[in-house]
Amino acid sequence: MNLANIKLPITIIGVIVAQAFGIIWYVAGLDNTVRNLDTSVAEIKETQADIDIAVLQTEVDSLKEELHNNKFDPTEIEGLIKEIDERVHVIETDIALILNDYKDILADHKLMIDKYDIKTSETYKDYGGK
């Protein structure tokens, strides 16, 4: 088949050329749209970054102001510390009394075991009783 011998009507050639121009026009329009959107996205990102920086700066400024206005005053908790210290002292005293009573009880039991020569499987420690 020889391409030089093929005869096509001029209308078919015109339609094919018109479609080719249409496709080229459509692709050029898409390219323009993509470029516009690319530029818009870059501007929006830049604007958003500026807004984020401004918001963060405002938050930092407000935190600095709040910190400046709310100074820590240790005298507010000194009373609580003294109260806790007093309670700890009372608890320590109670524990010392309980341990002393416990030692007395163990010493009494040891005396009874020794006096009546009771055989036990437990070994009683000498807690420096009476």
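**Labels and their grounds**

Reply: Glu 83 is partly exposed, because its relative accessible area is 37%, and the label covers values between buried (under 20% relative accessible area) and exposed (over 50%), taken with a 1.4 Å probe and protein chains only. This is a predicted model, in which local features need pLDDT of at least 70 and side-chain atom pairs count only at pLDDT 80 or more, while totals for chains, interfaces and linings use all residues. Residues are numbered from 1 along each chain as its sequence is written, and side-chain values use heavy atoms, with hydrogens and water left out.

Me: What makes the contact of Arg 87 with Glu 83 a salt bridge?

Reply: The term requires a side-chain nitrogen of Lys or Arg within 4 Å of a carboxyl oxygen of Asp or Glu, and the closest N and O atoms of Arg 87 and Glu 83 are 3.0 Å apart, so the pair qualifies. Both residues lie in helix α2, four residues apart, about one turn of the helix.

Me: Why is Arg 87 called exposed?

Reply: Arg 87 has 53% relative accessibility and therefore counts as exposed.

Me: Which other pair forms a salt bridge, and how do you know that it counts?

Reply: The structure holds two salt bridges, and the side chains of Asp 31 and Arg 35 meet in one of them, at 3.2 Å from N to O. Asp 31 counts as partly exposed because its relative accessibility is 36%, whereas Arg 35, with a relative accessible area of 55%, is exposed.

Me: What makes α2 a helix, and how does its span compare with the one expected?

Reply: Helices are DSSP runs of H or I with at least four residues, strands are runs of E with at least two, and both are numbered from the N terminus; α2, at residues 75-115, has 41 residues. The expected span is 1.5 Å times one less than the number of residues, and α2 reaches 60 Å from its first C-alpha to its last, close to the expected 60 Å. The chain has two helices and zero strands.

Me: Which residues of α2 are buried?

Reply: Leu 106, Ala 107 and Ile 113 are buried in α2, and of the 130 residues of the chain, 2% count as buried.

Me: Why is Leu 8 called exposed?

Reply: Leu 8, found in the segment before α1, counts as exposed because its relative accessibility is 52%.
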